[in-house]
Every structure is written in C-alpha cells, then in structure tokens.
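Subject: Structure for you to look through

Dear colleague,

I am handing over the structure that we spoke about, and below it you will find my notes on what turned up in it. Please read them with the model open beside you.

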Amino acid sequence: MTSPLDSYTRSMDGLHFPDEAKARMTEGLRAAAAAKSAEKSARAAAPAEALTMPARRPGRRRTHRWARVAAGLALALVLGGGGTVAMAVGVLPNPADVLSDVFGGTPAQTELLNEVGHPIGASATSNGVTVTAEAVVGDRSNFTVVYDVEFDDPSALEGVEPNENGVLPLVADAACHVDGTVAGGGTAWFYDADPNDNTIQYAESMGFTTWNDAGIIGRTMRFSMDGIRTMEGEDSRTIATGDWDLKFEMNYVDTTVDLPAGQETTWQGADVTIDAVAVSSVGVTVDYTIDRQIGDLGPSGRLSDEARAKQDAVLGLPVTVTFADGTTFDATNANTTAVKRDDGTSAVTKTVTYDRIVAAGDIVSVTVGDVEIPVSAA
C-alpha cells in the first residue's frame with residue numbers, strides 16, 4: 001500500500017502516537033496548565049496598579065503558525081481517540097446556503113500544504129472571538145477538520161483546564177454539513193495546542209456518505225457555531241456566544257485504497273455479502289448487503305430493547321482494522337446508514353475515522369465479520 005501522506009508524515013514527526021507518547025503529551029498539557037494556573041495566581045496576588053493592563057496571553061506566533069497547526073492536527077487525532085465531547089451531523093444544504101454562493105460569495109479556497117488542506121480566508125469574528133478553519137485531512141468519505149478559536153479576552157477561559165486525556169471540558173453549539181451528502185456523523189472536541197496563546201482548538205472528525213459514491217473532495221463544507229459552553233452539568237456556564245459561519249472547499253489528498261470485495265459471511269444467522277471495503281490514512285469504509293431488513297425506529301427515535309436488537313441484527317456486523325504494530329481499531333460502531341431494498345435485504349455503509357493518522361504500510365488488514373481482507377492484496 002502506498003500513501004500520498006508519506007511526505008506529510010515526514011514533515012510532522014510521527015502522527016501515530018504510542019501510549020507512552022500520549023502519556024507524555026498529557027503530562028505536557030498538565031504542566032502547561034499548572035504553569036498557566038500559577039501565572040493566574042501571581043496576577044491575582046499582584047498590586048492593583050499592576051493589573052491596569054488587560055490580562056492577555058501572548059499573541060499567536062504567526063511565522064510558525066502552520067507548523068503549530070500541523071502538530072495540533074496530529075494532537076487532535078490522538079485526543080479524539082481518548083474521549084469526545086460532542087456530536088455533529090451533516091445534512092443536505094439549505095437552498096439559502098447554496099444561493100449565498102452566488103449572492104454572498106463563493107466558498108473559501110483550500111490550498112494543499114504537504115497533502116493537508118489549508119483553507120484560505122475561512123474565518124469569522126463575532127463578539128471578540130475569531131473562528132478560523134486551519135487544516136483538513138481525509139479520504140473519500142472521512143475527514144478531520146481543526147479550527148482555531150481565538151479570544152480577544154482570554155479571561156473567558158479561566159478555570160477551563162484539560163482533563164486527564166488532554167480534552168478541554170467544553171462543548172460547541174455547532175453543526176456542519178458537506179454539500180451533496182446523504183448523512184454524516186462523528187465526534188467533536190476542544191483542546192489547547194499551546195496554553196501560552198489566546199487560542200484553543202476545536203476538532204471535528206466525521207464520516208459522510210454521498211449520493212453517488214463520488215466522495216466529498218471538491219465539495220463545499222458549511223460550518224456554523226453560535227456558542228461555546230462548559231460541560232459541568234448544572235454548573236455549566238457560557239464561554240462565548242456569537243454567529244460564526246464558514247464555508248470552504250474540501251480539498252486534500254485522497255489516500256483511499258479499495259480492497260478486494262465480494263466475500264460472503266453471516267451475521268446473527270443472516271447471509272452477508274461484502275460489497276466494498278476502503279481504507280485510508282485516516283479511516284475505513286465498509287459497504288455490505290445483509291439478507292435482513294432494517295426495522296423502523298420507535299417513537300421519536302427511542303428504541304425499545306427489542307427494536308435495538310433488531311437494529312443490531314442489521315447494523316452490528318463487526319469491523320476491525322489491524323495495524324502493523326499489532327494494535328487494532330474497532331470500527332463496528334461507526335457512522336452507519338442502512339437502506340431497505342425491495343428484495344428484502346438492506347444495504348449498509350459503515351464509515352469512521354481512526355484515532356490516529358497512519359503512514360503507508362501501517363494497515364495490515366480489515367476484518368469484516370469473520371472475513372479477514374489483507375491490505376496488501378489491493
């Protein structure tokens with residue numbers, strides 16, 4: 001297997017982090033957070049006249065901005081594997097959004113830097129907070145986008161410290177969709193790549209299905225956010241409110257590799273045909289047909305135990321990706337869609353991003369049900 005992300009991997013010292021690297025990264029975040037807390041305490045103890053200047057973390061060092069964003073993208077994927085804090089769903093675009101491309105400007109262009117997409121000018125400012133799309137990587141159906149969220153007044157972030165896996169306890173009131181997609185889902189989370197500046201990062205890792213299997217590259221991403229708040233239950237507080245609306249081209253190097261398909265297996269007594277399997281540097285997509293129809297959901301989407309069992313009998317086919325280092329990624333509970341067919345079967349698609357970016361040769365096989373498909377056979 002070859003991957004266009006080879007040069008990307010070389011430019012970003014190791015995008016596949018072992019557990020000890022994650023631990024070191026977490027300790028680094030903790031140390032930075034402790035230093036930030038100590039700095040706040042020192043400011044609080046300073047004489048009143050010393051506090052006449054606004055408390056502000058140093059501005060971003062823009063000369064090294066891309067290097068920081070690239071490293072942050074790697075960090076985003078590592079943190080995404082440790083826990084997520086939000087969900088976002090892609091839907092068909094509002095006709096008004098499409099018209100805005102004509103009457104309100106076209107989507108921001110996205111240039112390639114080391115095979116990673118870097119949107120140009122995809123930024124919005126509201127109420128002293130600027131949200132900027134910084135980087136996107138992906139394949140035909142999956143992607144991860146990292147947004148910078150810069151605060152003119154960083155005091156809004158006081159008391160917000162990363163948890164033990166490095167994720168900030170924040171949630172965004174946000175949504176995204178990619179033009180021409182049937183549906184999509186995934187995870188989103190906040191982290192702080194550099195506690196010494198006024199900026200935190202918001203990452204979304206999503207899988208989408210298109211109408212005609214054409215993929216999402218070249219389509220328009222539409223992102224909107226109107227609030228950021230803490231995840232403290234009854235003590236939840238608002239960090240920022242505003243209107244942040246971005247649109248940009250989904251432009252990045254597609255690392256998809258299609259594997260041999262057509263194998264047959266069974267799931268809970270039903271025959272299954274594996275229609276397609278695709279892997280990439282960021283995710284896996286599996287299409288299969290099962291000789292059983294997906295049932296209807298209960299009222300308001302609430303599933304009874306019986307309905308859940310019937311759904312699992314169609315959607316629950318196990319999918320596992322095995323990497324060269326011996327680790328595995330369970331893609332069974334991926335973003336999944338199913339369509340009833342007239343012949344009594346269901347067509348199912350599972351698509352999901354890994355908890356890491358992998359380099360060429362790092363994927364050994366994909367196991368669908370009890371069928372192991374070597375990547376080298378592609």
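D179 counts as buried, because its relative accessibility is 16%, where buried means under 20% relative accessible area, exposed means over 50% and partly exposed lies in between (1.4 Å probe, protein chains only). R222 is buried as well, because its relative accessibility is 6%. The two residues form a salt bridge in which the closest N and O atoms are 2.8 Å apart, a salt bridge being a side-chain nitrogen of Lys or Arg within 4 Å of a carboxyl oxygen of Asp or Glu. Since D179 sits in the loop between strand 7 and strand 8 (181–191) while R222 belongs to strand 10, the pair ties together parts that are 43 residues apart in sequence. Helices (H or I, at least four residues) and strands (E, at least two) are DSSP runs, numbered from the N terminus.

Before going on, please note that this is a predicted model, in which local features need pLDDT of at least 70 and side-chain atom pairs count only at pLDDT 80 or more, while totals for chains, interfaces and linings use all residues. Residues are numbered from 1 along each chain as its sequence is written, and side-chain values use heavy atoms, with hydrogens and water left out.

How many salt bridges does the rule give? The count comes to four. In general, side chains of opposite charge can pair when their charged atoms come close. Another of these pairs is D173 with R229, whose side chains meet at 3.0 Å, N to O. This pair links distant parts of the chain, with D173 in strand 7 (residues 170–178) and R229 in strand 10 (residues 220–230), 56 residues apart. D173 counts as partly exposed because its relative accessibility is 30%, and R229 is likewise partly exposed, at 33%.

A further salt bridge joins D258 and R140, with the closest N and O atoms 2.6 Å apart. Because D258 lies in strand 12 (residues 257–259) and R140 in the loop between strand 5 and strand 6 (142–151), the pair ties together parts that are 118 residues apart in sequence. D258 is partly exposed, with a relative accessible area of 46%, and R140 is also partly exposed, with 26%.

Strand 6 is also the place of Y147. Is Y147 buried or exposed? Y147 counts as buried, because its relative accessibility is 0%. Leaving aside neighbours within four places in sequence, Y147 is in contact with a set of residues that includes V131, A133, I200, Y202, M221, F223, L246 and F248, where contact means heavy atoms within 4.5 Å. The C-alpha atoms of Y147 and A133 are separated by 4.4 Å, although the two residues are 14 residues apart along the chain.

Turning to the chain as a whole, there are five helices and 21 strands, and buried residues make up 49% of the 378 residues. Among the contacts with a separation of 6 or more, 69% are between residues 24 or more positions apart. In helix 5 (residues 305–315), the buried residues are A313, V314 and L315, and the buried residues of this helix pack against strand 13 (264–267), strand 15 (283–290), strand 18 and strand 19.

Most residues other than glycine have a negative phi, and most peptide bonds are trans. N127, however, has a phi near 55°, a positive value, and is found in the loop between strand 4 (123–126) and strand 5 (129–138). N127 counts as exposed because its relative accessibility is 61%. Q268 has a positive phi too, near 50°, and its place is in the loop between strand 13 and strand 14 (270–279). Q268 counts as partly exposed, at 44% relative accessibility.

Finally, D342 lies in the loop between strand 18 (335–340) and strand 19 (346–353), and it counts as exposed because its relative accessibility is 87%.
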